[in-house]
Amino acid sequence: SGRDWFDAAASRVVGDDLGEESRALVPDEPYFVDFLREAPEPTGDEPDDADLDAPKIYELIPPLDELRERLETSMQQYNEMIRGAGMDLVFFKDAMVNLIKISRIIRTDRGNALLVG
């Protein structure tokens with residue numbers, strides 16, 4: 001399949017360009033997200049035009065257990081901010097992978113997706 005070809009090509013390029021020992025550092029399923037970083041804490045000394053939003057830097061995700069904890073923490077923070085019915089999501093592997101993909105689509109200019117099922 002196309003995915004198998006891409007994985008083999010990426011592994012070959014990493015081995016050729018960075019050395020064979022670097023191949024072991026590439027995870028089997030590398031996913032990248034831009035929502036892992038926290039917003040900077042305001043100190044009061046910032047200029048008026050300071051950007052206090054969380055930096056949007058694409059990074060390789062930590063192991064899925066750590067990502068699940070991060071998502072659950074974010075969900076708890078959201079539920080504390082929103083009054084009424086809170087979200088109660090279960091973050092299993094497929095749900096997290098879909099969330100990663102949807103997050104990237106939403107952040108893309110004119111990004112859209114059709115979710116079926």
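A salt bridge here is a side-chain nitrogen of Lys or Arg within 4 Å of a carboxyl oxygen of Asp or Glu. The structure is a predicted model, in which local features need pLDDT of at least 70, side-chain atom pairs count only at pLDDT 80 or more, and totals for chains, interfaces and linings use all residues. Residues are numbered from 1 along each chain as its sequence is written, and side-chain values use heavy atoms, with hydrogens and water left out.

**View 1. Glu59 pairs with Arg37 in a salt bridge.** The closest N and O atoms of the two residues are 3.1 Å apart. Glu59 sits in strand β2 and Arg37 in the loop between β1 and β2, so the pair ties together parts that are 22 residues apart in sequence. Helices (H or I, at least four residues) and strands (E, at least two) are DSSP runs, numbered from the N terminus. Arg37 has a relative accessible area of 36% and is partly exposed. Buried means under 20% relative accessible area, exposed means over 50%, and partly exposed lies in between (1.4 Å probe, protein chains only). Side chains of opposite charge can pair when their charged atoms come close. By the salt-bridge rule, the count comes to six.

**View 2. Arg107 and Asp34 form a salt bridge.** Their side chains meet at 2.9 Å, N to O. Arg107 belongs to helix α4, while Asp34 lies in the loop between β1 (32-33) and β2 (59-60), so this pair ties together parts that are 73 residues apart in sequence. Asp34 is buried, at 4% relative accessible area. Arg107 is partly exposed, at 40%.

**View 3. Ser103 touches Asp34 and Phe35.** These contacts (heavy atoms within 4.5 Å) leave out residues up to four places away in sequence. Ser103 is part of helix α4, residues 93-107. Its relative accessibility is 12%, so Ser103 counts as buried.

View 4. Asp65 is exposed, at 51% relative accessibility. Arg68 is partly exposed, at 24%.

**View 5. The largest pocket holds about 660 Å³ of space.** Of its 23 lining residues, the closest to the centre are Phe35, Leu71, Ser74, Met75 and Arg107. The elements that give two or more residues to this lining are α3 and α4. Helix α3 gives the most, with eight residues. On a 1 Å grid over the protein atoms alone, a pocket is an open set of points where a 1.4 Å probe fits, with protein on both sides within 12 Å along at least five of seven lines; lining residues have an atom within 4 Å of a point. Points are joined across faces, edges and corners, and the volume is the space filled by probe spheres set on them.

**View 6. Tyr78, Met81, Ile82, Met87 and Leu89 make a nonpolar surface patch.** Together they have about 460 Å² of accessible area (Shrake-Rupley method, 1.4 Å probe, only the protein chains shown counting as cover). Patch residues have over 30% relative accessible area and no salt bridge; nonpolar side chains (Val, Leu, Ile, Met, Phe, Trp, Tyr) are joined within 5 Å, like charges within 9 Å. Met87 lies in the loop between α3 (64-81) and α4. Met87 is partly exposed, at 35%.
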